[in-house]
Amino acid sequence: MLQYLVINLDDVSTSYCHYEINCGSPNLIGLDKLQKGICFAMKENLSVQVVYPDYLIPKEYKEAIDAVDHYDIVSSLCEDKELREHADITILHDCIALDKYPFDNKKTYVLRITIHDFLDRYLFIKHVLHEAGRLNIIFTDIENFCDEDIQKYNEALSVLSSTIEDCYDKGRFVQLNLLTDRLTLATMRNCNAGVDSVTLAPDGNFYICPAFYYANEDEDYGLGKSKTNVGDLENGLNIKNARLYTLENAHLCSLCDAYHCQRCVWLNRKLTYEVNTPSHEQCVMAHLERNQTKDLMKRLRNKGFCFDQKIKDINYLDPFVIRREW
Ligand code: SF4
């Protein structure tokens with residue numbers, strides 16, 4: 001059931017996920033469209049998440065947004081100091097100067113990073129784990145992850161898992177999406193764009209998520225253009241083949257127990273041409289994280305921490321390999 005409306009205020013709003021912003025110049029949503037979008041969210045009882053550009057938006061936009069309960073998603077580079085300080089989710093765009101950043105131990109941060117930058121510089125993240133409340137690491141080029149990276153990724157996760165263990169020893173229950181979400185999840189908790197959430201873009205149309213708005217107009221893959229809206233403010237939502245976005249219609253994912261996996265439908269579409277078929281890279285990374293979480297859980301249990309969930313031993317990293325057994 002739809003629960004969230006993401007409002008992407010401007011073509012140059014910060015990216016908070018895998019997609020890149022491919023628009024060079026600002027294009028702020030019209031105030032009337034913003035107000036209609038907020039009205040739509042109120043009528044549909046949706047929680048609003050606002051994604052801001054880095055420049056100061058006009059006062060009347062802030063007033064319109066403040067008329068409804070909402071979450072602010074803001075870049076660490078945003079010029080609006082007040083917005084930056086009160087952001088619910090702060091987006092960090094690389095590892096540079098992380099050791100100088102004033103983290104707040106009650107707040108959530110998203111670090112967008114390429115896989116090879118992460119593998120080269122993951123030690124900087126130890127500092128963040130000691131200071132922040134929650135860190136989500138989002139890889140911006142999952143397609144570049146290859147089987148030769150498995151060992152290095154595993155080593156990096158192992159180091160960060162030891163840091164989390166240190167934090168637990170000190171009574172600081174820091175969260176890192178890659179390694180702590182699966183400690184407590186009993187069922188899938190994925191991004192669920194197109195099912196739990198949709199996005200209102202500056203053009204006044206709805207999209208499955210911002211990534212579909214920024215998709216290249218010409219990308220076709222034989223399935224129709226990627227940049228296809230799923231409704232507009234005048235006529236409401238119209239998600240064609242909506243069942244394809246659901247977990248029940250993603251055969252492998254519905255049987256998988258990497259419950260923390262993002263199961264990104266945009267990446268699926270980009271890498272496998274099907275929104276409900278995951279890519280090898282996404283599955284392998286999620287299973288390395290799952291397995292490291294299993295080891296972390298065991299070590300934390302030995303220290304007296306309690307977890308209801310069990311994570312069993314498995315002998316695969318990509319469920320596609322054992323699809324016939326499932
Ligand atoms: S690891 Fe693969 S099969 Fe499992 S939920 Fe993620 S994308 Fe789906």
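## Around Tyr153

Let's start with Tyr153, which touches Ile115, Phe118, Leu119, Phe139, Phe145, Leu178, Met285, Leu288 and Glu289, leaving aside residues up to four places away in sequence; touching, or contact, means heavy atoms within 4.5 Å. This is a predicted model, where local features need pLDDT of at least 70, side-chain atom pairs count only at pLDDT 80 or more, and totals for chains, interfaces and linings use all residues. Numbering runs from 1 along each chain as its sequence is written, and side-chain values use heavy atoms, with hydrogens and water left out.

## The nonpolar cores

Tyr153, Phe118 and Phe139 have the most contacts inside the largest nonpolar core, which has 93 residues. Such a core is a set of buried Ala, Val, Leu, Ile, Met, Phe, Trp, Tyr and Cys residues joined through side-chain atoms within 4.5 Å, and buried means under 20% relative accessible area (1.4 Å probe, protein chains only). Helix H6 (residues 150-169) gives this core its largest share, 8 residues; helices here are DSSP runs of H or I with at least four residues, strands are E runs of at least two, and both are numbered from the N terminus.

A second, separate core has 7 residues, including Leu185, Met188, Cys256 and Cys261.

## A look at Asp11

Asp11 belongs to the loop between strand E1 (4-8) and helix H1 (31-43). Buried or exposed, what is Asp11? Asp11 counts as buried because its relative accessible area is 10%. Among the residues Asp11 touches, again not counting those up to four places away in sequence, are Ile21, Pro202 and Tyr214.

Conventions: Buried means under 20% relative accessible area, exposed over 50%, partly exposed in between (1.4 Å probe, protein chains only).
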